[in-house]
Amino acid sequence: MQKTWRGYRERKIFLKKKESQIIIASAWRSWRAREEYRILKRRKLVDWAVRVIQRHFIRWKRKKFLLQLAEELSICSDSPINRDWPHCPSRLAETSLLLRRMHHKWRCHKYRMKFDQTARNRMREKVTASLIFKDRKSSYPRSVSHPFLGDYVRLRQNVQWKKICIETNDQYVVFADIINKITRSSGKFAPILFVLSTSAMLILDQRTLQIKYRVPAAEIYRLSLSPYIDDVAVFHVRATSPSCESGSEGGPGCLFQSEMAIKKGDFVFQTGHVIEIVTKLFLVIQNAVGKPPQVNITTE
């Protein structure tokens with residue numbers, strides 16, 4: 001009887017403990033699930049709040065940067081060579097770089113719009129000179145600050161030239177100056193009047209304005225210079241170029257092809273405006289032929 005009673009009592013206690021453990025475990029698991037859900041929900045709300053705050057903060061920083069940029073640029077110079085640019089946050093470095101490029105293009109466009117047609121042509125010549133000579137010829141940097149005048153001897157106002165240009169169809173003078181022609185036989189300098197029109201290169205006597213040679217622009221295929229600080233340029237003419245020499249049967253401004261004209265070959269000039277004369281001849285040939293001539297800058 002004692003054994004049966006003790007077994008009954010212990011079993012009853014065990015079943016009660018088991019039921020209590022199940023209730024406690026179920027309640028703990030429910031609490032843990034609710035707590036994890038609450039933590040996840042709070043974490044989600046925090047992440048959402050962080051994104052909202054961050055988005056509004058970035059927009060505020062962008063707006064502040066743009067307003068500050070507009071305020072600082074309004075007092076800066078509009079010159080295209082002005083390199084001043086306000087400091088920007090690291091996150092807006094790429095945006096600042098794009099805005100800087102756009103602003104520079106806008107300043108250049110605004111600067112160009114002030115030009116008349118003559119100034120635009122001069123700027124085009126300066127840009128062409130930069131493409132040809134920059135980092136290639138040592139004498140180029142000192143020519144940048146000097147404008148290209150073109151007609152240094154006022155040939156366009158000369159009455160005698162006006163009569164000659166009608167015969168040769170060279171009314172518009174691109175370049176005119178007294179330069180030195182280097183003779184191939186002795187290497188001496190011979191002063192001549194060099195004239196470049198929109199269609200040809202002319203060599204005239206500086207006193208009488210008599211045309212010695214007239215070479216069409218399409219017949220000049222190469223321009224050669226050295227990379228040093230010198231004023232020498234070589235203009236290469238095609239072997240069958242129809243040059244004109246004074247005293248011929250055709251008279252001044254004629255175009256004929258003879259044995260003497262073929263033997264003349266290339267022209268070697270020395271002038272203080274070598275950058276300008278090569279640039280202008282480059283553009284004249286490009287307009288006449290449709291493609292630019294070869295510019296050979298080498299030590300030989």
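**Nonpolar patch**

A patch takes residues with over 30% relative accessible area and no salt bridge, joining nonpolar side chains (Val, Leu, Ile, Met, Phe, Trp, Tyr) within 5 Å and like charges within 9 Å. A salt bridge would be a side-chain nitrogen of Lys or Arg within 4 Å of a carboxyl oxygen of Asp or Glu. Helix H3 (residues 117-133) gives the largest share of this patch, three residues, while Tyr111 sits in helix H2 (residues 93-113). Tyr111 is partly exposed because its relative accessible area is 37%; the class runs between buried (under 20%) and exposed (over 50%), with a 1.4 Å probe and protein chains only.

**A note on the model**

I am reading a predicted model, where local features need pLDDT of at least 70, side-chain atom pairs need 80 or more, and totals for chains, interfaces and linings use all residues. Residues are numbered from 1 along each chain as its sequence is written, and side-chain values use heavy atoms, without hydrogens and water.

**Positive patch**

Next I checked charge: a positive surface patch gathers Lys44, Arg51, Arg55, Arg59, Arg62 and Arg91. I placed Arg55 in helix H1 (residues 2-74), and it counts as partly exposed because its relative accessibility is 39%.

**Cysteines**

How many disulfides does a search of the whole structure find? I got zero, taking a disulfide as a pair of cysteine sulfur atoms within 2.5 Å. Cys88 counts as buried at 15% relative accessibility, and Cys108 counts as buried at 16%.

Definitions and conventions. Accessible areas come from the Shrake-Rupley method with a 1.4 Å probe; for residues, only the protein chains shown count as cover. Lys and Arg count as positive and Asp and Glu as negative; His and the chain ends are not counted. The place of a charge is taken as NZ of Lys, CZ of Arg, CG of Asp or CD of Glu. Helices (H or I, at least four residues) and strands (E, at least two) are DSSP runs, numbered from the N terminus.
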